[in-house]
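Here are my notes on the model, point by point. Please read them with the structure open.

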Amino acid sequence: MNSQIVIRVYRSILRQSKTYPNYLDISKGIMTFRDSKYFKNMYVDTYISESYYIETTILGPYKNTQLNVISWIKNEIRERRTTKNNIDALFEVHRDLGEILTIAGYGPMVRDEY
């Protein structure tokens with residue numbers, strides 16, 4: 001698979017997140033939990049939603065839950081190999097980004113700070 005597709009989809013996700021109603025400030029870039037030397041705290045957000053069939057945990061450096069979601073997406077892109085299934089999953093995230101950020105905006109079921 002062409003990694004240029006992944007880059008384009010990620011950039012589109014960043015553009016979409018700028019238009020999100022709460023305006024996510026990504027002007028300084030997005031860091032992941034792998035960049036932890038730049039942060040004092042890390043946040044572990046656990047989301048459980050029966051209506052959306054979601055049960056996931058997101059680790060990120062930001063107090064803002066929606067920024068942690070974008071950070072998590074970036075980390076997943078970095079860590080996963082570029083396969084057809086992973087690109088398909090990325091397109092699904094792109095398609096559902098507004099809904100994903102809305103769920104994150106309501107806050108996680110459980111939040112731990114380290």
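Which hand does the crossing of H2 and H4 have? It is right-handed. Note that this is a predicted model.

1. **H2 against H4.** Helix H2 covers residues 65–79 and helix H4 covers residues 97–105. Their axes come within 8 Å. They cross at roughly 130 degrees. Angles over 145 degrees would count as roughly antiparallel; H2 and H4 are therefore oblique to each other.

2. **Residues at the H2–H4 contact.** H2 contributes Thr-65, Gln-66, Val-69, Ile-70 and Ile-73. From H4 come Leu-97, Ile-100, Leu-101, Ala-104 and Gly-105. Seven of the contact residues are nonpolar and three are polar. No charged residue takes part in the contact of H2 with H4.

3. **H1 against H3.** Helix H1 (residues 3–18) and helix H3 (residues 84–95) have axes that come within 10 Å. The crossing angle is roughly 15 degrees. H1 and H3 are therefore roughly parallel to each other. Their crossing is left-handed.

4. **Residues at the H1–H3 contact.** On the H1 side are Ile-5, Val-6, Val-9, Ser-12, Ile-13 and Gln-16. On the H3 side are Ile-87, Leu-90, Phe-91, Val-93 and His-94.

5. Three strands make an open sheet, ordered E2-E1-E3, with antiparallel pairing. Strand E2 (54–60) and strand E3 (110–113) are at the edges. Each has a single partner strand, so one side of each lacks a neighbour in the sheet. On average, neighbouring strands are turned by 10 degrees against each other, direction ignored.

6. **E1 with E3.** Strand E1 spans residues 43–49. E1 pairs with E3 in the antiparallel sense, over four bridges. As a reference point, Thr-46 stands opposite Val-110 in E3.

7. **H2 on the sheet.** H2 lies across E1, E2 and E3. H2 runs at about 90 degrees to E2. H2 also supplies residues to the contact with H4, among them Val-69 and Ile-73.

8. **Asn-64.** Where is Asn-64 found? Asn-64 sits in the loop between E2 and H2. Its relative accessible area is 31%. Buried would need under 20% and exposed over 50%, so Asn-64 is partly exposed. The C-alpha atoms of Asn-64 and Tyr-43 are separated by 9.4 Å. Along the chain, Asn-64 and Tyr-43 are 21 residues apart.

Definitions and conventions: Residues are numbered from 1 along each chain as its sequence is written. This is a predicted model: local features need pLDDT of at least 70, side-chain atom pairs count only at pLDDT 80 or more; totals for chains, interfaces and linings use all residues. Side-chain values use heavy atoms; hydrogens and water are left out. Axes are lines fitted to C-alpha atoms, for helices over the stretch in contact, and angles run from 0 to 180 degrees between N-to-C directions. Helices (H or I, at least four residues) and strands (E, at least two) are DSSP runs, numbered from the N terminus. Angles under 35 degrees count as roughly parallel, over 145 as roughly antiparallel, 65 to 115 as roughly perpendicular and the rest as oblique. A crossing is left-handed if the near helix is turned anticlockwise from the far one by less than a right angle, and right-handed if clockwise. Contact means heavy atoms within 4.5 Å. Ala, Val, Leu, Ile, Met, Phe, Trp, Tyr, Cys and Pro count as nonpolar, Asp, Glu, Lys and Arg as charged, and the others, Gly among them, as polar. Two strands pair if DSSP finds at least two bridges between them. Buried means under 20% relative accessible area, exposed over 50%, partly exposed in between (1.4 Å probe, protein chains only).
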